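Please keep the sequence and the 3D view open while you go through them.

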Amino acid sequence: MNPLRLVRARPGVPFTVTFDDREIEALPGQTLAAALWSGGVTAWRTTRGAGRPRGVFCGIGVCFDCLVTVDGRPGLRACLVPAAPGAVVRSQSGSGHDE
Amino acid sequence: MSERRPVLAVIGAGPAGLAAALAAAARGVRVMLVDSAAEAGGQFYRQPARGLGARRPEALHHRWRTWERLRAGLDAHLGAGRVTHLTDHHVWCVERDSDRLVVHSLLGPQQTESVAVRADAVLLATGAYEKVLPFPGWTLPGVVTAGGAQALLKGGLALSGGTAVVAGTGPLLLPVATGLAAAGARVVALVESAGPKSLARSARAWAAAPAKLAEGAELAARLALRRVPVMARQVVLEAHGVDRLESVTVAALDGAGRPAPGSRRQLSCDTLAVGHGLLPHTDLADGLGCRLDGPGVWVDAEQRTDVPGVWAAGETTGVGGATLSLAEGHIAGRSAAARLTGRVPDPDGWAPAARARDRLRTFFTALDAAYAAQPVRWAEQVTDETVVCRCEEVPAGAVRDAVGALGAGDLRTVKLLTRAGMGWCQGRMCEPGVAGVAGCALIPARRLLARPVPLGVLADPAEPPAAP
């Protein structure tokens, strides 16, 4: 069983986003966090102080752990941003404005 | 009554907000339903994104018929133009503007553009968010809140990896564990720090709410069916891994609430869904000057706050689940509609909802006592190196220094000395943990803005369009 089978999903055509130069498959309507989480990616940011890896935590926009850079714009919450075909997603380090 | 229909802004489209919107729209009020999600439903009825084409979304939900009734009611009112549903609107502030109120929202995930709508009254149905008490390893990728795991699953049909532990305390853990197991995760254990004895102590409350008892029994049966072991009176002491979660250490609690010697064991898992209850979202109420009652917004029998023109319903007034939210929302919507149209509210008309509200509030007070009292000694297990404030990376040792060497005696002083709570999330994630480690009372912080706002928007907020 998987979640798609459980709800008998007939998703639209899957597409890819690039995440740090590799391709991750996403389904229409998924947020970036959901697409990365399904793709087995759990970390997409390192913290400002200790450089520790972080990914999604609260999943509903409260915690700010899932910040990510999308199409050059840093500091977006992956749990709120819908995945879009061809989006260029990059891991973010520090505040995202350092590079 | 003037020719213009009075406008009620309902903030939040979960069970409370939907029940309120339907009740008010049916009684001569124009409703602006403002919500941050793309689809109505809130967290409880979080819908799979449309593009996912779910033909049986009810497989991940409870009380689906109630949702179908709410959805049909909303559609009817939308069609008749009595309700306007503003989706992807993240409300950051509600302010008074002479005798009316202005609701300011940031749009979509970018959160750089703000729009404003004007209303004659506001009904706050902003729900709750998850409380997680810190422990070593809780910042490792792969550790998510219990509600977060459920949100990713319900909204995005997303599971990560294959082996999960669900841990913490509270009634939310049961549906999260059953949902993950049904969707194909191997749920190694549900680790609940409350013990059977304390749950039995609330048996009288359970008996008073037979529907709740049946629901709990059904969830427990589903767990048994999927062979998910329920480990009562046990806790996750630590999460292990280098760059991501690999395992957790679990221990049984002794009579004093400390890990029992010799009871530790390690469970391999790639996902830990953890939660210690929920906290009401009270920021908008706070900004308006509404009085709080404990962690939630104070309301009277009509669900009015102590600020004129502001109603509140659902988890924002105190956590108590979807059925209680529906009852409160219904009462709030009817009260607001009556008062906005110059009629005298008729409590007899909503008597069944009021009875359900009273019964469920009693039930949840008892349930809270059974669950929340349990992780009494968790702070002793938090090592000095454990990060307690996730955004500012403040370790527990710094909080202890602030209290010990520097003499901080309250959360605000701890914050000023350590920066705990000053980061992006503004203390929403760390407040209970910092308070516990510091030994301070947990008093909800006053946050005048409900979310971070770009300076440009603050400097020049959108004006609401002229009154219709």
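1. A second, separate core of 31 residues includes A:Cys63, B:Ala189, B:Val236 and B:Met429, a nonpolar core being a set of buried Ala, Val, Leu, Ile, Met, Phe, Trp, Tyr and Cys residues joined through side-chain atoms within 4.5 Å. Buried here means under 20% relative accessible area, exposed means over 50%, and partly exposed lies in between, with a 1.4 Å probe and protein chains only.

2. Before going on, note that this is a predicted model, in which local features need pLDDT of at least 70 and side-chain atom pairs count only at pLDDT 80 or more, while totals for chains, interfaces and linings use all residues. Residues are numbered from 1 along each chain as its sequence is written, chains are lettered from A and ligands numbered from 1 in the order in which they are written, and side-chain values use heavy atoms, with hydrogens and water left out.

3. Which residues touch the most other members of the largest nonpolar core? They are A:Leu32, A:Trp44, A:Val56, B:Val166 and B:Leu180, in a core of 56 residues. Among the elements that each supply at least two residues of this core are helix H2 (32–38) of chain A and helix H4 (173–182) of chain B; helices (H or I, at least four residues) and strands (E, at least two) are DSSP runs, numbered from the N terminus. In soluble globular proteins, nonpolar side chains tend to be buried together.

4. Chain A contains two helices and eight strands, arranged along the sequence as α-β-β-α-β-β-β-β-β-β. Its radius of gyration is 14 Å, close to the 13 Å that the globule rule gives for 99 residues, so chain A is as compact as a globular protein of that length; the radius is taken over C-alpha atoms, and the rule is 2.2 Å times the number of residues to the power 0.38. Of the 99 residues in chain A, 54% are buried.

5. Chain B has 14 helices and 22 strands. The radius of gyration of chain B is 22 Å, close to the 23 Å from the globule rule for 468 residues, so this chain too is as compact as a globular protein of its length. Buried residues make up 57% of the 468 in chain B, and its C-alpha atoms fill a box of roughly 75 × 50 × 45 Å along the principal axes.

6. Helix H13 (residues 431–438) of chain B is mostly covered, with seven of its eight residues buried, including B:Val434 and B:Val437. The buried residues of H13(B) pack against strand E17 (278–280), strand E21 (387–389), helix H11 (396–404) and helix H12 (411–418) of chain B. After H13(B) comes B:Gly439, whose phi is positive, near 70 degrees.

7. Is B:Thr249 buried or exposed? B:Thr249 is buried, with a relative accessible area of 10%, and it lies in strand E14 (residues 245–252) of chain B. Leaving out residues up to four places away in sequence, the residues that B:Thr249 touches include B:Val236, B:His240 and B:Arg264.

Notes:
Contact means heavy atoms within 4.5 Å.
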